[in-house]
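We'll take a walk through it together, one spot at a time.

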Amino acid sequence: MVKAYRPNTLKEALEVINKEECLIFSGGTDLMVKNKKWSGVESSFTKPVIFIGDLKELKVIKKKGNIVNLGAGCSCSEIAENDLVPEYFKEVFSSMASPAIRNIATIGGNICNASPAGDSLPLLYALEAILVFESTNGERRIPIEEFILGPGKSAIRGNEILREIEINIGEFNKVYYKKVGTRKSIALSKVSFIGLAKVTGGKIEDVRIAFGACGPKVIKVKTIENVIVKLGYLDEKALGDIKKMYSKLIVPIDDQRSTAHYRKNVCLRILDNFLMNVK
Ligand SMILES: Cc1cc2nc3c(=O)[nH]c(=O)nc-3n(C[C@H](O)[C@H](O)[C@H](O)COP(=O)(O)OP(=O)(O)OC[C@H]3O[C@@H](n4cnc5c(N)ncnc54)[C@H](O)[C@@H]3O)c2cc1C
């Protein structure tokens with residue numbers, strides 16, 4: 001039998017993981033699948049498990065000006081139903097999984113699982129979210145882009161818990177989110193895309209573009225976004241040039257969900273739709 005901890009506070013949880021290597025269990029929707037050996041048999045764990053899903057310090061959602069802080073233990077449903085988050089967040093979080101999974105699956109778990117198909121990731125990359133970790137040594141802040149190192153690999157340290165995600169939601173007036181899956185929900189993404197832009201008097205003043213599930217990590221390229229903002233307007237030639245830049249970077253794989261060819265074509269078409277709408 002594996003040892004299990006159910007701390008009452010974040011402080012207590014941090015003290016436990018500082019002394020002993022534990023498996024952090026939030027909603028468990030990824031962990032239960034990952035640790036399942038075969039159908040009909042309960043998942044088994046090789047390390048002590050610490051349950052953090054009920055910690056109220058991880059359930060806080062707050063907003064001050066353009067800064068939104070989402071507690072890492074907030075479920076997809078809690079985020080989708082919260083009035084402090086912009087409408088497009090709701091679209092992202094309510095198209096993940098099924099209602100039952102959404103009620104327990106957390107944003108922290110989606111990030112720390114570091115799957116290229118994690119549906120919250122393109123949104124968080126696009127908004128250049130800062131992850132705030134806590135350990136008994138204090139707080140560590142790290143941009144999401146630096147935290148995720150590859151499929152299933154992250155820069156988390158053994159004694160840390162992701163406490164919250166800090167997001168500058170900016171002032172985007174053009175938003176385009178697309179999740180392409182076998183079904184509208186209850187399906188992992190074949191491809192996902194988010195495009196955000198602030199367009200004033202026809203001029204692009206800020207733009208963010210992120211592709212999910214089409215490479216080992218989310219594709220978001222600041223240098224291309226800067227080119228678009230510098231241009232301010234996109235004529236036919238600029239549109240073609242931008243698409244070529246992304247085309248070189250989108251190198252998906254074939255897997256059980258889709259083919260590389262399909263993924264790449266869909267990404268470029270979605271990008272085209274978004275850019276046509278902001279130009
Ligand atoms: C049927 C089904 C459908 C799904 N559909 C989708 C989908 O459409 N889109 C999608 O993106 N995902 C989907 N998932 C995957 C999963 O539900 C999500 O990734 C979910 O957000 C994981 O959250 P969790 O709280 O359950 O994570 P857990 O399983 O508890 O943990 C996942 C990982 O994160 C770590 N972790 C969790 N919280 C913290 C924290 N606060 N600090 C440090 N480490 C932490 C854990 O140690 C573990 O390594 C699906 C899963 C299932 C079973």
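Start at K220, which sits in the loop between β13 (203-212) and α9 (222-231). Bear in mind as you look that this is a predicted model. Is K220 buried or exposed? Its relative accessibility is 7%, and since the cut-off for buried is under 20%, K220 counts as buried.

What does the side chain of K220 meet in there? Another goes to the side chain of E225, at 2.9 Å. If you leave aside residues up to four places away in sequence, K220 touches Y125, A126, E128, E145, R208, I209, A210 and E225.

Now follow β13 into its sheet. Three strands make up this open sheet, in the order β11-β12-β13, and they pair antiparallel. The edges are held by β11 (174-180) and β13, each with a single partner strand, so one side of each has no neighbour in the sheet. On average, and ignoring direction, neighbouring strands here are turned by 5° against each other.

Strand β12 (residues 191-200) pairs with β13 over nine bridges, in the antiparallel sense. Along that pairing, K198 stands opposite D206 in β13, and I194 stands opposite A210 in β13. A210 is also one of the residues that K220 touches. The hairpin of β12 and β13 has two residues between the strands, and G201 takes a positive phi there, near 55°. On the other flank, β11 and β12 pair antiparallel over seven bridges, with K174 standing opposite A197 in β12.

How many of the 10 residues of β12 are buried? Eight are, so the strand is largely enclosed by the rest of the structure. Look also for helix α11 (residues 260-278), which lies across β11, β12 and β13 and runs at about 15° to β12.

Next comes another sheet. Five strands form this open one, in the order β4-β5-β10-β6-β7, with antiparallel pairing. Which strands stand at the edges? They are β4 (61-64) and β7 (138-143); each has a single partner strand, so one side of each is left without a neighbour in the sheet. Neighbouring strands in this sheet are turned by 20° against each other on average, direction ignored.

Look along β10 and you can read off its partners on both sides. Strand β5 (residues 67-71) is joined to β10 (residues 161-168) by five bridges, and the two run antiparallel. Within that pairing, N69 has E166 as its bridge partner in β10, while I67 has N168. Helix α1 (residues 10-19) packs on the sheet, touching β6 (130-135) and β10, and its direction makes about 125° with that of β10. β6 is joined to β10 by five bridges as well, again antiparallel, and V132 stands opposite E164 in β10. As for cover, β10 is mostly hidden: six of its eight residues are buried.

Which of the 30 residues around the ligand come nearest? They are I24, G27, T29, D30 and T106. For G27, a backbone N or O atom lies 2.8 Å from an oxygen atom of the ligand. How much of the ligand does the protein cover? On its own the ligand has 980 Å² of accessible area, and the protein covers 87% of that.

Technical notes: Residues numbered from 1 in each chain as written. Predicted model: local features only at pLDDT ≥ 70, side-chain atom pairs only at ≥ 80, totals over all residues. Heavy atoms only, no water. Helix = DSSP H or I, 4+ residues; strand = E, 2+ residues; numbered from the N terminus. Buried < 20%, exposed > 50% of the residue type's maximum accessible area, 1.4 Å probe, protein only. Polar contact = N/O pair within 3.5 Å; in protein donor to acceptor, adjacent residues only side chain to side chain. Contact = heavy atoms within 4.5 Å. Pairing = 2+ DSSP bridges. Axes fitted to C-alpha atoms, helices over the stretch in contact; angles between N-to-C directions. Near = heavy atom within 4 Å. Areas by Shrake-Rupley, 256 points an atom, 1.4 Å probe, with all protein chains shown as cover.
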